[in-house]
Amino acid sequence: MFRTQILYLEMLVIWRPITATFFFPVGPGTGFLYLVNLYFLYQYSSRLETGAFDGRPADYMFMLLFNWICIVITGLAMDMQLLMIPLIMSVLYVWAQLNRDMIVSFWFGTRFKACYLPWVILGFNYIIGGSVINELIGNLVGHLYFFLMFKYPMDLGGRNFLSTPQFLYRWLPNRRGGVSGFGVPPASMRRAAEDQQGGGRHNWGQGFRLGDQ
């Protein structure tokens with residue numbers, strides 16, 4: 001009986017990061033914030049999946065896993081109970097950086113470059129929710145992924161610290177002939193995708209700047 005209780009507690013600990021990611025306390029004061037963040041998740045996650053990561057589901061899944069693991073570690077260190085908003089904001093941040101010069105519209109017809117969108121949303125969520133910790137952590141995690149995967153090796157000529165594991169390519173092989181419905185991904189990413197043969201690792205290379213034509 002005692003061993004059964006220990007096993008049950010261990011299972012709770014293992015599943016806690018997952019439940020903390022998908023659970024959100026919906027109530028009179030949080031319902032609108034929940035709906036807004038669901039909209040952001042659908043809008044910008046689908047844009048990434050069908051845009052910059054079109055035909056490369058393994059790379060897209062690796063981005064989600066990397067961001068989620070970083071957020072779980074941060075959540076444990078800061079005793080955070082809910083992880084959904086940081087994960088959504090990290091995905092949105094990556095999209096905003098890959099499309100930083102695109103003009104986007106926000107509430108009441110406000111227009112600005114996409115690179116400012118995560119910070120505008122941070123301020124917006126502060127107004128309707130009263131806290132910016134979740135949004136700030138999401139932006140920082142998204143920046144960490146973007147910097148290590150794209151900025152440092154491509155713009156600064158550094159080494160590749162991140163690469164998609166081989167087992168993800170075996171589970172989610174690259175697709176060919178996909179058509180992006182949300183603009184054109186950066187030229188450096190297009191070159192990397194063209195060099196990819198089959199479901200292996202990407203050779204991202206060095207010296208390419210995001211946004212090259």
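**Cysteines, contacts and surface**

A: C115 is buried, with a relative accessibility of 8%. Please bear in mind that this is a predicted model.

Q: And C70, buried or exposed?

A: C70 is buried, at a relative accessible area of 15%.

Q: How many disulfides are there, then?

A: The count is 0 disulfides.

Q: Moving on to charges: how many salt bridges does the whole structure hold?

A: A search of the whole structure gives 2 salt bridges. In one of them, R56 pairs with D59, and the closest N and O atoms are 2.6 Å apart.

Q: Are R56 and D59 buried or exposed?

A: R56 counts as buried at 3% relative accessibility, and D59 counts as buried at 2%.

Q: What does K113 pair with?

A: The side chain of K113 forms a salt bridge with that of D101, at 3.8 Å from N to O. This pair links distant parts of the chain, 12 residues apart: K113 belongs to strand β2 (residues 111-113), while D101 sits in the loop between α4 and β1 (103-105).

Q: How accessible are K113 and D101?

A: K113 is partly exposed, with a relative accessible area of 37%. D101 counts as exposed, at 54% relative accessibility.

Q: Now the aromatics. How many pairs are there?

A: There are 12 aromatic pairs in the structure. One of them joins Y39 and F40 in a tilted arrangement, with 5.9 Å between centres and 55 degrees between the planes.

Q: Why is that pair called tilted?

A: The 55 degrees between the planes of Y39 and F40 is neither under 30 degrees (stacked) nor over 60 (edge-to-face), so the pair counts as tilted.

Q: And how accessible are the two partners, Y39 and F40?

A: Y39 is partly exposed, at a relative accessible area of 45%, whereas F40 counts as buried at 4%.

Q: Which rings form a cluster?

A: Ring pairs connect F62, F66, Y145, F146 and F150 into a cluster.

Q: Let us turn to the surface. Which residues form a nonpolar patch there?

A: M61, L65, I69 and I73 form it, with about 330 Å² of accessible area together. I73 is part of helix α3 (residues 57-78), and I73 is exposed, with a relative accessible area of 54%.

Q: Where is D79 found?

A: D79 lies in the loop between α3 and α4 (84-98). With 57% relative accessibility, D79 counts as exposed.

Notes:
Residues are numbered from 1 along each chain as its sequence is written. This is a predicted model: local features need pLDDT of at least 70, side-chain atom pairs count only at pLDDT 80 or more; totals for chains, interfaces and linings use all residues. Side-chain values use heavy atoms; hydrogens and water are left out. Patches are made of residues with over 30% relative accessible area and no salt bridge: like charges are joined within 9 Å, nonpolar side chains (Val, Leu, Ile, Met, Phe, Trp, Tyr) within 5 Å. Accessible areas come from the Shrake-Rupley method with a 1.4 Å probe; for residues, only the protein chains shown count as cover. A salt bridge is a side-chain nitrogen of Lys or Arg within 4 Å of a carboxyl oxygen of Asp or Glu. Helices (H or I, at least four residues) and strands (E, at least two) are DSSP runs, numbered from the N terminus. Buried means under 20% relative accessible area, exposed over 50%, partly exposed in between (1.4 Å probe, protein chains only). Rings of Phe, Tyr and Trp (its six-membered ring) pair if their centres lie within 6.5 Å; planes under 30 degrees apart count as stacked, over 60 as edge-to-face and the rest as tilted. A disulfide is a pair of cysteine sulfur atoms within 2.5 Å.
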